[in-house]
Amino acid sequence: MILDEQDLRNGLKYIVGTWQPDYVVNMFSSDLAHIPAADFKSTDGVAFTAISFTFLEDHTLLMKNSVTGKEVSGTWEQKSYGEFRYTLNGFLNLPAGTNAEVAETLRMQDGAKLVFSLGVVAIALRKIAEGDISEEKKLDIGDLPGDDSMNEIVGMYGVLKLRTYSDEGFIWITAEEQREKSAGDDVPDAEDYALQMLDWKVEFTADHQVFVWMKVPEGASQADLDEAMRQGEVACVKDGMFAEKALAWKAVNGRYYYNTGEHREVFGEVQSPWDELKCDEEGNIFFMNNMLLLQKK
């Protein structure tokens, strides 16, 4: 499995810190009960809770036995999104016949545990202390200067297709196909909203703004629209359509991006709100996390 930069960063934030055995499961037991680690002892008579694993940002680790004082250093690496490998260096006195490779494999479980196996026994670790991770400062698209010479994107676009979920999985559907699907009196809210989205217009202006234009709801008066604008719920109104807010677009290093305005976090780390505007083979633009395919009017 090929891990990208974000996968590795997430794995680092997950594992770095100090972990201690939480419970033990005997795989030959009839009920796979979770035996508290304090009640389970190793071959030298020491409760498993005496053992701790401290994983460091530089991919080293320290395994310690608080009862005997024994310490052994090792290394660790991330093998996949939810799997790590580490060195034991004889620390756990593996029983004869134990598969060392299996014992050296840690797997994420339930979003808060690391699990490894010693023979027929599975040991779940819990994090008891967070480790230190240096702050990663990356330049965001919003921090980079835009290329004002790139303006081919400027114009008004209609929604050519909408990505939606069906019994067959995710599919692309046109406005005509959605109208045929939603024909009748009892239209589910999700299908009604899909029809509304297919009627949207998206405008990229020469002054680097992006407006998503939606039809003014039936029955809405000018007074209603004026009040919505006063409250900041609507940015502008024209030609029977309104836009809730103005977004931004820019060109950087030969590619177009737009600011979604979304607040995003992964494991508590703030992510960029800027998405690249990619095109299909005909030059139509994918928009809103690839939910819409836009065609220039």
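Tutor: Leaving aside neighbours within four places in sequence, G158 is in contact with W200, K201, L293, L294, Q295 and K297. This is a predicted model.

Student: What makes W200 a contact of G158?

Tutor: Contact means heavy atoms within 4.5 Å. G158 and W200 meet that condition, so they are listed as in contact.

Student: Where does G158 lie?

Tutor: G158 is part of strand β10, which covers residues 155-166.

Student: Why is G158 called buried?

Tutor: Its relative accessibility is 4%. Buried means under 20%, so G158 counts as buried.

Student: How far apart are G158 and M197 in sequence and in space?

Tutor: They are 39 residues apart in sequence, and their C-alpha atoms are 10.0 Å apart in space.

Student: Why is H59 called partly exposed?

Tutor: H59 has a relative accessible area of 34%. Buried is under 20% and exposed is over 50%, with partly exposed in between, so H59 is partly exposed. H59 sits in the loop between β3 (51-55) and β4 (60-65).

Student: What is the phi of H59?

Tutor: Phi is near 70° there, a positive value in a residue other than glycine.

Student: Why is N289 called exposed?

Tutor: N289 has a relative accessible area of 66%. Exposed means over 50%, so N289 is exposed. N289 belongs to the loop between β20 (285-287) and β21 (292-296). Its phi is positive, about 60°, although N289 is not a glycine.

Technical notes:
Residues are numbered from 1 along each chain as its sequence is written. This is a predicted model: local features need pLDDT of at least 70, side-chain atom pairs count only at pLDDT 80 or more; totals for chains, interfaces and linings use all residues. Side-chain values use heavy atoms; hydrogens and water are left out. Helices (H or I, at least four residues) and strands (E, at least two) are DSSP runs, numbered from the N terminus. Buried means under 20% relative accessible area, exposed over 50%, partly exposed in between (1.4 Å probe, protein chains only).
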